[in-house]
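Please consider the following note alongside the sequence and the model. The points proceed from a pocket to a sheet and then to a single strand.

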Amino acid sequence: MPFAAALSQHPVAADAVGEVLGSIVEQRGVEPDLVVVFASSAHVEFLGEISAAITTVLRPGTLVGASASSVLAGAQEAEEVPALSVWAAWTEPVRPLRLATGPVHDDGDGPAVMVQGMPADVPLGCTILLLADPHSFPADGFLTQLADARPDIVVVGGLASAAAQAGGNALVLGGEVHHDGAVGVVLPPTQAVVSQGCRPVGEPMVVTRADRGFLIELAGQPALDRLTDLTTDLPLEDRALLANGVQLGVAIDEHRIEFGPGDFLVRPVLGADRGRGVIAVGSEIAVGTTVQFHVRDAASADDDLRALLDGVSGSGALVFTCNGRGERLFGVEDHDATVVSEALDTTAVAGMFCAGELGPVGGRSFLHGFTASILVFADH
């Protein structure tokens, strides 16, 4: 198996990196083509030294990493405690990627932030593993621009989550530590699994009036009235879930006759104007689009992840799970790490809890929330 992963929860960074290095060397040896490092908040200021030690011992072709509120490896999730996770791959050389935010320009639709550093010659159909700072990198805008220019490229990864303030996160690429922008690597085509962890309720409806991120009418009736009617008709359990947070699924393929789980890009409902009967979604939804309300709970998230991984094969994986999942959502420890490890029958799993996850739904990569976005690596 050309992959290995290791986790240390030692509170001292030097001891933690010693533990993970010993485990990686014992499992597979040295000189991997790629090493990915995930460091919890307690180790952020030492990420440079951690990366230098890894480089000295393992001598990787490329090293990339990020800080996170929590990390995982194997079937274990280390939530909000000092922890270091390292994943290594002996596959083929990969191309490092450093993206930075450039000057603001006006493209005719208002101010837009330029992203600098994206090479124009990446191979057709490649996968980009991307780790970004949420405070300085416009991930949503970047993915939109990339989808227009290179729809063949798949982006999977997550936003660093170790710090809530600008400059508090750390990203590492090679021997350099950055506190803004994004880092990553260009991979050959790699299988991606994105579990949005929701299930639809009610019936699909067509948007009949909308204004940017506001839904005015659904199927000819005020949008809020439609939601109120749905709440009245649902079982008590689902009403409680809606009260905790309403989700809206936007149909990915309008040509489908029937819609089910996985056919929608899920976005949170941000609020409502009772006077006008309007629902705020936050992203523009065109008139004529099919939508359906969704709910999220632990059972739905568990079922969705297991169903998506059913039949998927690989001997290594990188997991980018939302910092709102974990024990907070599932009520048990190690949920996503355990499900992925057991489904793939491998311990070579590592990842981080994110402030936003990147991954493809319906053939295009998006910025998500409350998802588990997974890169699955085959042996070849």
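1. In what follows, Ala, Val, Leu, Ile, Met, Phe, Trp, Tyr, Cys and Pro count as nonpolar, Asp, Glu, Lys and Arg as charged, and the others, Gly among them, as polar. By these classes, the lining of the largest pocket holds 10 nonpolar, 4 polar and 4 charged residues.

2. The model is predicted, so local features need pLDDT of at least 70 and side-chain atom pairs count only at pLDDT 80 or more, while totals for chains, interfaces and linings use all residues. Residues are numbered from 1 along each chain as its sequence is written, and side-chain values use heavy atoms, with hydrogens and water left out.

3. The largest pocket has a volume of about 430 Å³. A pocket is an open set of points on a 1 Å grid over the protein atoms alone, where a 1.4 Å probe fits, with protein on both sides within 12 Å along at least five of seven lines; lining residues have an atom within 4 Å of a point. The volume is the space filled by probe spheres set on the points. Of the 18 lining residues, Leu265, Arg267, Ser283, Arg364 and Phe366 are the closest to the centre of the pocket.

4. Helices (H or I, at least four residues) and strands (E, at least two) are DSSP runs, numbered from the N terminus. Strand 20 gives the most to the lining of the largest pocket, namely 3 residues.

5. An open sheet of 6 strands shows mixed pairing in the order 1-6-2-3-11-12; two strands pair if DSSP finds at least two bridges between them. Its edge strands, strand 1 (3-8) and strand 12 (176-178), each pair on one side only. Strand 1 runs antiparallel to strand 6 (residues 84-89), and 6 bridges join them. Within this pairing, leucine 7 stands opposite serine 85.

6. Is strand 28 (residues 372-377) mostly covered or exposed? It is mostly covered, with 6 of its 6 residues buried (under 20% relative accessible area, 1.4 Å probe, protein chains only). In a regular strand, side chains alternate between the two faces of the sheet. Here Ala372, Ile374 and Val376 point one way, whereas Ser373, Leu375 and Phe377 point the other way.

7. Strand 28 has antiparallel partners. Strand 14 (residues 191-195) is joined to strand 28 by 5 bridges, with alanine 192 opposite leucine 375. Strand 24 (residues 316-322) pairs with strand 28 over 6 bridges, and phenylalanine 320 has serine 373 as its bridge partner.

Technical notes:
Buried means under 20% relative accessible area, exposed over 50%, partly exposed in between (1.4 Å probe, protein chains only).
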